[in-house]
2 protein chains.
Amino acid sequence: MPDFQSWVTGHQHRFEDVLRRLLPAGDVAPQRLHQAMRYSVLDGGKRVRPLLAFAAGEVTHAEPERVQVAAAAVELIHAYSLVHDDMPCMDDDVLRRGKPTCHVEYDEATALLVGDALQSLAFQLLSAHCLNDDAARQLEMVKLLAVASGSRGMAGGQAIDLESVGEQLALPELEQMHIHKTGALIRAAILLGAHCGKAEQAQLVALERYAHCMGLAFQVVDDVLDAEADTATLGKTAGKDADNDKPTYVTLLGARQARQMASELHSAALDALRPLGTPARRLQELADFIVLRKY
Amino acid sequence: MPDFQSWVTGHQHRFEDVLRRLLPAGDVAPQRLHQAMRYSVLDGGKRVRPLLAFAAGEVTHAEPERVQVAAAAVELIHAYSLVHDDMPCMDDDVLRRGKPTCHVEYDEATALLVGDALQSLAFQLLSAHCLNDDAARQLEMVKLLAVASGSRGMAGGQAIDLESVGEQLALPELEQMHIHKTGALIRAAILLGAHCGKAEQAQLVALERYAHCMGLAFQVVDDVLDAEADTATLGKTAGKDADNDKPTYVTLLGARQARQMASELHSAALDALRPLGTPARRLQELADFIVLRKY
């Protein structure tokens, strides 16, 4: 069995090929749109959500080819949200993954359409490939991603985020925002990975608990890094939450307590995995990786 | 059997209730987003795509409750595209269906999220409700809407539209643009309506032909109306295509030839329906309605 770093690198490498294959080619009309879609998705990011999907798929012995497609769908939703989030009417950011953001490299109208088309493509992938022998189960997978992306999931979290600028949020409200904004898609990645195999109810319950902790831990660590790291290390504009007067775990708790919270969520995530045994090894290593990362 | 006008009014009325029920309530968090989604979808439009879905559902004896959900999914995609299309970085329009556009009534960031969340909701509807006894067939319905919405469908048509501003397009290129931009979703409405029942292959072939003609006819008539009607009658800004220096059937063919083209497409659409007999009566009446409309 490969060590964790080789497992991560191998998956990241193969997943990049999967994305290249599943995205429309840049020489197919409308070329500029397709090129901008590829620009916004390829060669970027740690692919945290896909890695979580792969690791969850190992728990249910899912076929890797199926998990790759489900992971791609989740990653396209994530990528579209970044493209729209970076636009001038939202965060107005010019740098993402060390490159100019989509609306800077292309233009705003193209960035708007790139996000829209990436979302459609995510649902196309989930419906056009066989991801489960049971079509009814696969329909539930489509629903899972749709709910996670929509107004009660990621888009809803962004709306709460918008409303919270300049507001004094209490911890439960901040948590509610992130459960939607970041947590919903992380949960979807984990559950969709598992649903590509034969997921038993007890496994899903454990994975739900793990997903809940990881979704919050991911955001807490993000806030700490945003406050403490520099732009070159992050590959995106650092310190922008404070600049935008947005409430974060660091502004609310202070850096020390925020790190403490990440550590407690980390332990709770590992506890949740215990009943799953050895097949959950990669999920455990990913929890370490996400909480201890430096960028 | 009710006359056509009663059939239209009855369906429009019931469909408004369906949309009210399927959209998240305005007092559910995040309230502002949900209110803006309802603002952008309810009380507006002729509901041409839903009417086409209802009429196509009659051909395959589909259960009306199923067609209503499929029609709502298509209408949400249409509504999201209007919200994004009206934004300053696209058409920059302030008036839609006689009301301020979403980004004027709310703000740009909210309009962006409204569009995003409406698209997610469309796929949620298609996957969370039973629309066909065969789940595999229903997955195909999800794929159909995803392809129709994405970079090879509606969003792609809008990208071609963007690139064509100030360009001299030939008729085949203009047609390609509209087959994607308007035609894809009209085709999806008709086929999804039919797929809610037991659609036979011969029926689908006839409906495909009808959909192709209607998609183009709809756009040709739109161009004629945009050039000739006034803003008050249209409920949206008239003459904006010419103002935006966009190629249209009227600028390319002149108004007389454009009307002639609409009339030929109308005849071809009716020809396509002939093998379907009496159950296609509403589709035939809708063809008359769409081509002869004044707004």
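Reader: What puts two residues in contact?

Author: Two residues are in contact if their C-beta atoms, placed from the backbone, lie within 7 Å. By that rule, 41 residues of chain B are in contact with 41 residues of chain A. Keep in mind that this is a predicted model: local features need pLDDT of at least 70, side-chain atom pairs count only at pLDDT 80 or more, and totals for chains, interfaces and linings use all residues. Residues are numbered from 1 along each chain as its sequence is written, while chains are lettered from A and ligands numbered from 1 in the order in which they are written.

Reader: Which helix gives the most to the side of chain B that touches chain A?

Author: Helices (H or I, at least four residues) and strands (E, at least two) are DSSP runs, numbered from the N terminus. Helices H2 (31–41), H6 (108–128), H7 (135–149) and H8 (154–164) of chain B each supply at least two residues of the side that touches chain A. H6(B) gives the most, with 13 residues.

Reader: How do the residues of that side divide into nonpolar, polar and charged?

Author: Ala, Val, Leu, Ile, Met, Phe, Trp, Tyr, Cys and Pro count as nonpolar; Asp, Glu, Lys and Arg as charged; the others, Gly among them, as polar. The side of chain B that touches chain A has 24 nonpolar, twelve polar and five charged residues.

Reader: What rotation superposes chain B on chain A?

Author: Two copies of a chain are related by a rotation about an axis and a shift along it. Here the rotation is 180 degrees with 0.0 Å of shift along its axis (RMSD 0.0 Å). Superposition is by least squares on the C-alpha atoms of residues with pLDDT of at least 70 in both copies. The two copies are thus related as by a two-fold rotation axis. In chain B, the C-alpha nearest the axis belongs to B:Ala135, 2.7 Å away. The same surface serves both copies: 100% of the contact residues of chain B recur in chain A.

Reader: Is H8(B) largely enclosed or exposed, and why?

Author: A residue is buried if 20 or more other C-beta atoms lie within 10 Å of its own, exposed if 12 or fewer, and partly exposed in between; the C-beta atoms are placed from the backbone. Eight of the eleven residues of H8(B) are buried, so this helix is largely enclosed by the rest of the structure. Among them are B:Met154, B:Gln158 and B:Asp161. The buried residues of H8(B) pack against H2 and H6 of chain A, together with H4, H7 and H9 (171–195) of chain B.

Reader: What covers the buried residues of H2(B)?

Author: The cover includes H8 of chain A, together with H1 (4–22), H4 (64–85), H5 (102–105) and H6 of chain B. Buried residues of H2(B) include B:Leu33, B:His34 and B:Tyr39.

Reader: Which backbone angles deserve a look?

Author: Most residues other than glycine have a negative phi, and most peptide bonds are trans. The peptide bond from B:Ala29 to B:Pro30 is cis, with omega near -5 degrees. B:Pro30 lies in the loop between H1 and H2 of chain B. Phi of B:His61 is positive, near 55 degrees. B:His61 sits in the loop between H3 (48–59) and H4 of chain B.

Reader: Is B:His61 buried or exposed?

Author: B:His61 is exposed, with 11 other C-beta atoms within 10 Å.
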